[in-house]
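Here's a quick briefing to read alongside the model. Have a look at the structure first, then we'll walk through it topic by topic.

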Amino acid sequence: MANIREIQSRINSVKDTMKITNAMYMISSSKMTHARKKLADTEPYFYALQGEISRILRHMPELRHRYFSKRENVPADERKIGSIVITADKGLAGAYNHNIVKLEEEILAKPGIHKLFIVGELGRHYFAKHGVEIDMNFQYTVQKPTMHRARDISSVLIDQFLNRELDEVYVVYTRMENSVQAEAEVLKLLPLERASFNEMIMPLNMYREEIDLYPSAEIVMESIAPNYITGMIYGTLVEAYASEHNARMMAMKSATDSAESLIRELSIVYNRARQAAITQEITEVCSGARAQQNK
Amino acid sequence: MDTFGLKVIASDRVFYEGRCRKLIIPAPDGQKGILPNHENMVIAIAVGIARMELTEGEWTEVAVGTGFAEIVNNRVTLLVDTAERPEEIDIRRAREQRERAEEQMRQKQSIQEYYHTQASLARAMNRLKLARDKRWDFK
């Protein structure tokens with residue numbers, strides 16, 4: 001039977017840890033609510049942009065634009081592939097970071113010249129240690145995503161894409177399916193895919209409105225496409241932020257739960273030890289008294 | 001007088017949704033006015049000040065960022081990255097933003113950074129312009 005004092009100090013240390021995990025749980029849950037609200041606020045803008053691009057594509061199927069250029073003449077092993085990897089700044093979030101890293105390693109295994117743009121301290125450390133090329137000037141944090149940061153990030157990437165320093169751009173992030181499920185996902189950012197703006201299939205005899213694009217389709221597209229990309233990046237940042245805190249919330253919840261059950265077990269052991277000590281003392285006293293009587 | 005449906009969507013919220021009588025927007029080559037029953041059109045919008053007449057003779061001014069306006073079947077959707085009313089603009093912040101941008105413009109920059117600060121300066125000037133028109137106590 002363990003020492004009573006040992007058990008006591010063990011219980012106290014578990015209680016202290018539980019206070020921390022419980023606090024982190026509450027912090028994450030409030031951050032997650034914020035993130036979800038942000039996402040809901042920006043959704044109308046984003047969907048309207050997407051709808052507009054699909055409308056322009058529908059009206060101008062022949063439109064060729066530099067954001068849509070697939071650059072098929074570049075062979076597979078010379079393609080410069082950039083990935084934005086969104087991880088957390090710290091661990092303690094279950095498998096959240098691990099899933100992202102695993103997904104990115106799958107991309108790295110494919111042919112091409114890879115370049116990473118990492119958002120989040122943990123991913124930066126991991127890939128720096130594994131000797132992958134990382135854009136070191138790309139220092140953005142995942143905390144509190146803002147439109148401003150998304151604009152900064154997208155301007156860097158669009159610039160490199162248009163200067164042919166990158167041929168394809170992906171985002172590796174975690175998408176929230178619902179409040180229990182989140183899944184790491186790869187999203188193709190550039191070049192824009194016609195297929196992803198799923199064109200509405202209309203009956204042939206339906207009247208289709210004619211739309212005039214002013215000053216020209218190219219200029220309108222030029223002003224929409226960067227905003228759309230910024231919007232996508234912002235969306236993924238917020239989505240990842242929400243999933244990170246969801247993951248951390250769940251991890252901390254289970255940590256708190258297991259701390260509670262550990263405390264319950266330990267206090268039973270503690271009480272038993274205490275009982276045993278008392279019983280032993282009584283026995284000692286009784287046997288001592290009896291020994292005295294028998295004299 | 002006829003009206004048309006107007007929806008102004010900024011990147012962080014739906015700014016306005018309702019009927020409108022007249023709308024003036026800043027296009028890249030000057031201002032454009034939209035009246036009810038306008039031809040279907042998509043117009044690019046530059047950083048500037050949009051005006052909307054919501055009720056007879058009452059104009060509301062909005063500082064907008066880049067984006068576009070879409071007119072389909074007498075419904076106008078204004079999709080811009082920022083939209084602010086004059087009273088929402090923080091003059092001090094806008095002025096600081098302008099100073100920061102001007103300072104950065106003077107320093108050596110890559111082309112990309114140059115465009116970036118130029119855009120930021122344009123947004124700051126636009127905010128200040130709208131705020132200055134509205135507030136007589138501004139010096």
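Predicted model: local features only at pLDDT ≥ 70, side-chain atom pairs only at ≥ 80, totals over all residues.

As for labels, residues are numbered from 1 along each chain as its sequence is written, while chains are lettered from A and ligands numbered from 1 in the order in which they are written.

**Chain A overall**

- Chain A has five helices and five strands; here helices (H or I, at least four residues) and strands (E, at least two) are DSSP runs, numbered from the N terminus.
- Going along the sequence, the pattern of chain A reads α-β-α-β-α-α-β-β-β-α.
- Chain A has a radius of gyration of 29 Å, well over the 19 Å that the globule rule gives for 295 residues, so it is more spread out than a compact globule. (That radius is taken over C-alpha atoms, and the rule is 2.2 Å times the number of residues to the power 0.38.)
- The C-alpha trace of chain A spans about 115 × 45 × 30 Å along its principal axes.
- Of the 295 residues in chain A, 31% are buried. A residue is buried if 20 or more other C-beta atoms lie within 10 Å of its own, exposed if 12 or fewer, and partly exposed in between, with C-beta atoms placed from the backbone.
- Take the contacts in chain A between residues at least 6 apart in sequence: 78% of them join residues at least 24 apart. Two residues are in contact if their C-beta atoms, placed from the backbone, lie within 7 Å.

**Helix 3 of chain A**

- Helix 3 (residues 121-129) of chain A has A:Gly123, A:Tyr126 and A:Phe127 as its buried residues.
- Those three cover an arc of only 90° around the axis, which puts them on the same side of helix 3 of chain A. (The arc is that of the directions from the helix axis to the C-beta atoms.)
- The exposed residues A:His125 and A:Lys129 sit on the face of this helix turned away from its buried side.
- Strand 1 (80-86), helix 2 (96-108) and strand 2 (113-119) of chain A are among what covers the buried residues of helix 3.

- Most residues other than glycine have a negative phi, and most peptide bonds are trans.
- A:Leu92 is not a glycine, yet its phi is positive, about 55°. You'll find A:Leu92 in the loop between strand 1 and helix 2 of chain A, and it is partly exposed, with 16 other C-beta atoms within 10 Å.
- A:Arg164 isn't a glycine either, and has a positive phi of about 60°. A:Arg164 is in the loop between helix 4 (147-162) and strand 3 (168-176) of chain A, and counts as exposed, with 11 C-beta neighbours inside 10 Å.
- From A:Leu190 to A:Pro191 the peptide bond is cis, with omega near -10°; A:Pro191 is in the loop between strand 4 (182-190) and strand 5 of chain A.

**Strands of chain B**

- Five strands of chain B form an open sheet in the order 4-3-6-7-10, with antiparallel pairing. (Two strands pair if DSSP finds at least two bridges between them.)
- Strand 4 (30-34) and strand 10 (83-84) of chain B stand at the edges, each with a single partner strand, so one side of each is left without a neighbour in the sheet.
- Strand 6 (residues 48-55) and strand 7 (residues 58-64) of chain B run antiparallel and are joined by seven bridges, with B:Ala50 opposite B:Val62.
- Strand 1 of chain B runs antiparallel to strand 2, with seven bridges, and a hairpin joins the two through two residues.
- Strand 1 of chain B also runs parallel to strand 9, with five bridges; there B:Val8 stands opposite B:Leu78.

**Where the chains meet**

- The contact takes 25 residues from chain B and 23 residues from chain A.
- Strand 5 (residues 212-214) of chain A pairs with strand 5 of chain B in the parallel sense over three bridges, and A:Leu213 has B:Val42 as its bridge partner.
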